[in-house]
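Here's a walk through one fold, from the overall contact pattern down to single residues. Keep the structure open next to the text as you read.

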Amino acid sequence: MPEGHSIHRLARQFRDVFAGEPLRVSSPQGRFADGARRLDGATLVDARAHGKHLFLDFDVDLVMRVHLGLYGAWSFGGDETFRGASSIGAPRRMGETETFDRAATPGPDDGGAPAYSGPPEPVGQVRARLVSAHGWADLRGPSACEVITPGEAAAVVARLGPDPLVAGTGPGEFLERVTRRSVALGQLLMDQAVLSGVGNIYRAESLFRAGLDPWLPGRRLGAADGVRLWEDLAGLMADGVRVGRIITTEPEHRDAVDPDGEPAPLWPDNAHYVYQRDGLDCRVCGTAVRVTQMQARNLFWCPGCQAP
Ligand SMILES: [Zn+2]
């Protein structure tokens, strides 16, 4: 499932390429036909994210809410003015990457690429298609895609925990929501009612960086540790929005060479401390990194650095 930084990148993408433009909205697959009819022809005013929810605000006092879930993804294409066209979502299927559709979006260096002549025929189960004069966006496989009122959108946000990527959000509400629970901190970080946008990678990496035991009960998290955890997450996630990847290691903890003696690239070999590094030596203390199940999801941690 894409983590919160991917959804904030999506919101930025929608603002960049569609804001201020009237959009044709359709549902080639048919499952979003009623919602598409209510939005068709309206102008996109803003796009914003809260955690893993994307909200597209239209000038007809309606909001399109999308949650990609495990398998959802957006793809984009358009003419040379349609900047940042990419495909974002479903890392299980597409890797933690965003791919630029060169064929659909000729850049200045693609002299031989065909000129943009409108969106291609829909491929596969396209739940929603948004089209402007300059480009298109296709949504496939979301767990939620609906048209709601601004009031209903506000109610969705109110039920969610604070998102470190939403400007002006401090650690207060996070601390309050964590410390009234007795379940494990590692479980609370993934609970979208406690904290919005954190998935398995940010969970594992932020707990490691903070030196926190994943099984620490939420109510026993000290205020100083909680503030430090929140601020570290906010920084890591902002980096994720900027570069489009989750990279949590400090330069001094990265391997210079890989097991074959070749120079080790930052991505993916050197990107993480514990995530998917079970059995490898901890980059900081040398203890073997472990993996276990917490709430049916893999939890990676270092027993040396994150001792109770
Ligand atoms: Zn360690």
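Among contacts in the protein chain between residues at least 6 apart in sequence, 61% join residues at least 24 apart; a contact here means two C-beta atoms, placed from the backbone, within 7 Å. Bear in mind that this is a predicted model, where local features need pLDDT of at least 70, side-chain atom pairs count only at pLDDT 80 or more, and totals for chains, interfaces and linings use all residues. Residue numbers start from 1 along each chain as its sequence is written.

The protein chain holds 8 helices and 11 strands. These are DSSP runs numbered from the N terminus, with helices (H or I) of at least four residues and strands (E) of at least two. Of the 308 residues in the protein chain, 41% are buried. Buried means 20 or more other C-beta atoms within 10 Å of a residue's own, exposed means 12 or fewer, and partly exposed is in between, with C-beta atoms placed from the backbone.

**The sheet and its hairpin**

Let's take an open sheet of 4 strands, ordered S2-S3-S4-S9 with antiparallel pairing. Strand S2 (44-50) and strand S9 (144-148) are at the edges with a single partner strand each, so one side of each has no neighbour in the sheet. From one strand to the next, the twist averages 15°. Two strands pair if DSSP finds at least two bridges between them; S2 and strand S3 (residues 53-58) run antiparallel and are joined by 6 bridges. At one of these spots His50 has His53 in S3 as its bridge partner, and Leu44 stands opposite Phe58 in S3.

S2 and S3 make a hairpin with 2 residues between them, and Gly51 in the turn has a positive phi of about 60°. Is Gly51 buried or exposed? Gly51 is buried, with 26 other C-beta atoms within 10 Å. The C-alpha atoms of Gly51 and Gly197 are separated by 3.7 Å, although the two are 146 residues apart along the chain. Leaving aside neighbours within four places in sequence, the contacts of Gly51 are Gly4, Leu160, Asp163, Gln192, Ser196 and Gly197.

Thr149, in the loop between S9 and H4, counts as exposed because it has 11 C-beta neighbours inside 10 Å. Thr149 is 88 residues from Asp61 in sequence but 6.5 Å away in space, C-alpha to C-alpha. With neighbours within four places in sequence left aside, Thr149 contacts Asp61, Leu62 and Val63.

**Helices on the sheet**

Helix H1 (residues 4-18) lies across S2 and S3, at about 170° to S2. Helix H4 (residues 150-159) lies across S2, S3, strand S4 (62-67) and S9, at about 35° to S4. Both angles run from 0 to 180 degrees between N-to-C directions, using axes that are lines fitted to C-alpha atoms, for helices over the stretch in contact.

H1 is largely enclosed by the rest of the structure, because 12 of its 15 residues are buried. Just after H1, Gly20 has a positive phi of about 85°. The expected spans in this table are 1.5 Å times one less than the number of residues.

| Helix | Residues in helix | First to last C-alpha | Expected span |
|---|---|---|---|
| H1 | 15 residues | 21 Å | 21 Å |
| H8 | 21 residues | 30 Å | 30 Å |

In H8 (residues 223-243), the buried residues are Gly226, Leu229, Trp230, Leu233, Leu236, Met237 and Gly240. They cover an arc of only 135° around the axis, which puts them on the same side of H8; the arc is that of directions from the helix axis to the C-beta atoms. Ala224, Arg242 and Val243 are exposed on the other side of H8. Among the elements covering the buried residues are H1, helix H5 (172-179) and helix H7 (200-210). Gly244 follows H8 with a positive phi, near 80°.

**Two nonpolar cores**

A nonpolar core is a set of buried Ala, Val, Leu, Ile, Met, Phe, Trp, Tyr and Cys residues joined through C-beta atoms within 7 Å. In the largest, of 35 residues, Phe14, Leu54, Leu56 and Leu130 touch the most other members. H1 supplies the largest share of this core, 6 residues. Apart from it lies another core of 34 residues, including Val178, Leu185, Trp230 and Phe300.
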